[in-house]
Amino acid sequence: LGGGYLINKSYAAYQESVSFKVMEGTVQYEGSGDVFFAFYNGNEQLTKMPLKNNEDNLIFDKGICDKGAIIEWDRDKWGPFVANLTENKTKCTLYFREKNTADYVEELAYNGASQLVYDGTTSDNNIRYIGWTVSNYIDIGDRDSTGKPILWRIIGVMNNMTLINEDGSEVVGPLTKIIRDDGIGEYSWDSSVSTVNSGYGVNEWSESDIMYLLNKGAYWNKESGQCYSGSSQKACDFSSTGLTPTVKDKLAKVRWNTAPFTGNDMYASANMMYESERSDEVTCTSCTDNVTRHSTWDGYIGLMYLSDYWYAVGGTNRNSCLGSSARMWYNNDLGCQYETWLRNQLRVQWTMTTVSQTNYSVANVQKDGIAFFDEYTKAYSSYLIRPVAYLKPSVKIINNPDSSSSTYGSSSNPFLTDIIK
C-alpha cells in the first residue's frame, strides 16, 4: 500500500533516489547521473514523499527540477518520472498540497463514478453530475432558524475559471460549482417602469434586480426587505435563510460569463448554448433601452446557466439530448426532460442565460423540463431563484465517518466541508 522510496545519500536538503517503489512497480528517471529529491507540503519541508491515499489528504501539485530536467507525475503509480536528465546532481523539488473540493470531485470522476462525466463537447471539458437521481448534496454551513442544514448540490467542476482574489489578483483554474437545493422563493429576474421595455425588465445581469438581491441585498445580508415580483414588489425575508459569514468565507469571487444566446432556439444544442454564453457578444438584436450590455461580470452569486441544465441530462439517450434543442424536448421521444436532476417539477426556474432577440428576454426552465429561450420570456416574470456559487480552492471535503455508505453524498448524508488551514 502506498509508495516508498530508496535513499542513497543526501545533498543539502535533497535526497538521492535512483528509483521509487510505487503501487504497481518502479518509476525510474531517464538519463545518467545522480538525481536528488526534496518534498514539500506548501512551504513546509517533508522528511519523505507522502504515500498514496495518505491520512493527511495530500496530493501531488507540481515538480520543479534544475538543469533543464522535467518532472512527469504518474498518477496511477504515484511516483515521479524525471525526463531530460543530462547532468549529475540534478535537484528536483516535489510539491504536495491538501486535496480541495474540486480535486475530490475530479478524483471521483477519474475513478469512474457513474454519476460524473466530462462534458466532452465543450472547449473546457468540465466535469458534471448527470442523471435524475444523483448523490451530490453538500453542506457548506448554511443553517435555518431551527439549526437544520440548508443543503446545496454540486453541479460539477468547471475548468478555466477566473478566480479573483481579495487583493485583486486573478488565477485561472478549476473550481467547484454548486447550487442551492431548495431555492429561495419566486422573484423577478428584473423589473422596469412601463416606459422602459414596456415594463418587462432589462436583460443585463450586472444591473438586474436579482443580481442585487443575491450579491448586495437582503439575501446576501441575511435580512428582510422588499423583492420584485412581476410588476410590483412583495415582502421577502432571508433573516433565517440568507448567507452567513461562515458560508461567505467559502464562496469564490469569479468572472461569470453573461453573453446572450444568439442562435435559433428550435435548432440549438448544448454545446451551441455553452459557447454562446461564453462569447464576447454584447449586443442584442433590437436593444433600444440605452442599457450597456456586458459579456462578463465579477461577483459571488449567480444562477445556473441554461447550459448547466442541459449538460446535467443523463440516461441512455444523453448524447442525442445534448444534440437536440431543450426547447423541443417535448416534441421527441428521447425522454431528456426526465433525466436531468436540475429540473424542478413544481416550479419554473430562472437561469442566468439571456436571449439576444429582445431587451428583456431571459431563459427559463419549465416544470415539465422544457427550456424556453426566445423573445417571449420576459425578465419581470416571477420564477424560482436557486442561487449558484463557486467554492474557493481552500474549501475541502471532510471525510465523513460514514463515507463507505451507499448514501454518501445523499441529502441524509451530504458531503461536509471545511477550510484548508
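**The cysteines and beyond**

Reply: Let's begin with cysteine 236, which is buried at 3% relative accessibility. Here, buried means under 20% relative accessible area, exposed means over 50%, and partly exposed is in between, using a 1.4 Å probe and protein chains only. This is a predicted model, in which local features need pLDDT of at least 70 and side-chain atom pairs count only at pLDDT 80 or more, while totals for chains, interfaces and linings use all residues. Residues are numbered from 1 along each chain as its sequence is written, and side-chain values use heavy atoms, with hydrogens and water left out.

Cysteine 236 has a partner: a disulfide joins it to cysteine 227, with 1.9 Å from S to S. A disulfide is a covalent bond between the sulfur atoms of two cysteines, and the rule used to find one is a pair of cysteine sulfur atoms within 2.5 Å. Cysteine 227 is buried too, at 4% relative accessibility. The link between cysteine 227 and cysteine 236 is right-handed, with 75° about the S-S bond.

How many disulfides does the rule give? The count comes to three. Another is the link between cysteine 65 and cysteine 92, whose sulfur atoms are 2.1 Å apart. With 110° about the S-S bond, this link is right-handed. Strands and helices here are DSSP runs numbered from the N terminus: a strand is E with at least two residues, and a helix is H or I with at least four. Cysteine 92 is buried at 0% relative accessibility, and cysteine 65 is buried at 16%.

The remaining link joins cysteine 321 to cysteine 336, with an S to S distance of 2.1 Å. The link of cysteine 321 and cysteine 336 is left-handed, with -90° about the S-S bond. Cysteine 321 sits in helix 7 (residues 318-323) and cysteine 336 in the loop between helix 7 and strand 21 (349-354), so the pair ties together parts that are 15 residues apart in sequence.

The largest has 82 residues, and Trp310 and Phe373 have the most contacts inside it. Strand 14 (residues 152-164) gives the most to this core, with seven residues. A second, separate core has 16 residues, and one of them is Cys92, which we met above; Ala69, Val82 and Leu85 are also among them.

Strand 14 leads us on to its neighbours. It runs antiparallel to strand 15 (residues 170-180), and ten bridges join the two; strands count as paired if DSSP finds at least two bridges between them. Across this pairing, isoleucine 154 stands opposite isoleucine 178 of strand 15. The hairpin of strand 14 and strand 15 has five residues between the strands, and glycine 168 takes a positive phi near 90° there. Strand 15 also pairs with strand 25 (residues 388-390), in the antiparallel sense and over three bridges. In that pairing, valine 388 is the bridge partner of isoleucine 179.

Which residue forms a salt bridge with arginine 180? The partner is aspartate 182, with the closest N and O atoms 3.1 Å apart. A salt bridge here is a side-chain nitrogen of Lys or Arg within 4 Å of a carboxyl oxygen of Asp or Glu. Arginine 180 is buried at 1% relative accessible area, whereas aspartate 182 is partly exposed at 39%. Salt bridges that share partners also join Asp119, Arg128, Lys177 and Asp308 into one network. Across the whole structure, a search finds 17 salt bridges.

Key. A nonpolar core is a set of buried Ala, Val, Leu, Ile, Met, Phe, Trp, Tyr and Cys residues joined through side-chain atoms within 4.5 Å.
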